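Please review the following briefing alongside the sequence and coordinates. It covers a helix contact and a ligand site.

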Amino acid sequence: MLKKTPFKNYQTNVTLVAKILGLSDEYVKKLTTPNRIIKKKISIKLDNGKKKLFEAYRVQFNNARGPYKGGIRFHPEADIEEVKALAAAMAVKCAVVGIPLGGAKGGVTCDPKGMSAGELERVSRAWGKAMSPYIGANKDIPAPDVYTNGQTMAYILDEFEKFHDRSEPGVITGKPISLGGSLGRDTATALGGTFVLREFVAISGSEKKGLTVAVQGYGKGVGAAVAKILKQSDYKIVAISDSKGGIYCADGLDPVEVEKVKDKRGSIQDFADGKSGVKKISNEELLSCDCDVLIPAALDGVLTKDNAGAVKAKIVLELANGPTTPEADEIFAKRGVTVLPDVLANAGGVTVSYFEWVQNVGGFYWTSSEIRAKLEPIMVKGLKDIWQISRDKNVTLREAAYVLGVGRIAHAMKDRGR
Ligand code: NAD
């Protein structure tokens, strides 16, 4: 397998739009250099009594537009190259949707699936303790990402507040509601993506009725949630997968029933057992299955020059971060496949994280319908903005999003005299 180069992909995207924005090489360098990289070795006691060291990271990429913001990923393949790329994308994402935050990302190289709840708690607490001097409500605000969740955030908040001896719920988002989490955060990424998709379908004059959808990755907050929301909005979900493989059904799947089987038996593919018309497929097959909308909602770098030519979908809604390589982007552009780019498509999550932070700082909490009513216009405006730029400059929607996001970051850096 080719080594993935997510940070190079980010650099390629910035270099491309720098020409359009007329940014000097010096600016490109600043926009592609993280402000700070924090690497720590954290040590925890395993259930068998032995000690184990893990690599822990926080990359604070850019804070020209506001405090650093970005998730924490626990994954065996999490490394500094990946975390750097994700941190950079966060800065662009916050700028695209116009929320006053910068970009960061964190991670621990570990295999959460092979760890007990107690071991995960100790890793989360160790990350929180090690990073406590570097994060804060007006400094750097972490959140969940792959294989971390509200519980992880609760442990980190607890460590941070012990370390600083004060209450500061705004230091972290994606927390449980009991600790100051926001209503609607759990499904915000998926919901925001559906607003972007709906608006694109309307603005581009695409066929609206009965669009078929394939979702790669079935995490509760993103993949499973988007499948459920789209099913309720008259889309037909024809394929779903998780890390163990996927299923395809031309007549449509019920995401709620699929989730029940996944929760009970541990794998989506078990849903196919004994059902005619539902066939087991690999993750690779899912990417090229017969559908109108493909939603990568798992890991980065899955759509490449090797498989982009085989994708049958006409729309790719990027809910995962960085699922499409620049080479695949070129192939999609030539083939007329529209990519709704991650820096807008999945920005619903960070937007509601921003709402959570605003509520924590203000000490005043909103209802679910207030959250939804505030999220929708932000996502719709984001799509309209990048659509207009793509028309005016004759560029793809990703390039348009980078023109908007990188342009706003560069503007803030210039205003600061950086
Ligand atoms: P998660 O850990 O809840 O879920 C990940 C899902 O992907 C799981 O169902 C897992 O089985 C599946 N998966 C893992 N490896 C896979 C593979 N090789 N092929 C297919 N499926 C695989 O994570 P999440 O929070 O849902 O995040 C998913 C993606 O969305 C990530 O790229 C993340 O960066 C991005 N994202 C998440 C949020 C958020 O609010 N959670 C916000 C923005 C972007």
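How are α1 and α14 oriented to each other? The helices α1 and α14 are roughly perpendicular to each other, a label given to angles of 65 to 115 degrees. The model is predicted, with local features requiring pLDDT of at least 70 and side-chain atom pairs pLDDT 80 or more, whereas totals for chains, interfaces and linings use all residues. Residues are numbered from 1 along each chain as its sequence is written, and side-chain values use heavy atoms, without hydrogens and water.

**Helix packing**

- Helix α1 spans residues 6-21 and helix α14 residues 397-415; they pack at an angle of about 75°, with axes 9 Å apart.
- On α1, the contact (heavy atoms within 4.5 Å) is made by Tyr10, Asn13, Val14, Leu16, Val17, Ile20 and Leu21.
- On α14, the contact involves Arg398, Glu399, Tyr402, Val403, Val406 and Gly407.
- The residues of this contact comprise nine nonpolar, two polar and two charged; Gly counts as polar.

**Ligand surroundings**

- Around the ligand there are 21 residues (a heavy atom within 4 Å), of which Asp145, Tyr147, Thr189, Ala298 and Asn321 come nearest.
- This shell divides into nine nonpolar, eight polar and four charged residues.

**Polar contacts and burial**

- A side-chain N or O atom of Thr189 is 2.6 Å from an oxygen atom of the ligand; polar contacts are pairs of N or O atoms within 3.5 Å.
- Backbone atoms also take part: a backbone N or O atom of Ala298 lies 2.7 Å from a ligand oxygen atom, and a polar backbone atom of Ser243 is 3.1 Å from a ligand oxygen atom.
- The ligand taken alone exposes 820 Å², of which the protein buries 85% (Shrake-Rupley method, 1.4 Å probe).

Conventions: Axes are lines fitted to C-alpha atoms, for helices over the stretch in contact, and angles run from 0 to 180 degrees between N-to-C directions. Helices (H or I, at least four residues) and strands (E, at least two) are DSSP runs, numbered from the N terminus. Angles under 35 degrees count as roughly parallel, over 145 as roughly antiparallel, 65 to 115 as roughly perpendicular and the rest as oblique. A polar contact is a pair of N or O atoms within 3.5 Å; within protein, one must be able to donate a hydrogen and the other to accept it, and residues adjacent in sequence count only if both atoms are side-chain atoms.
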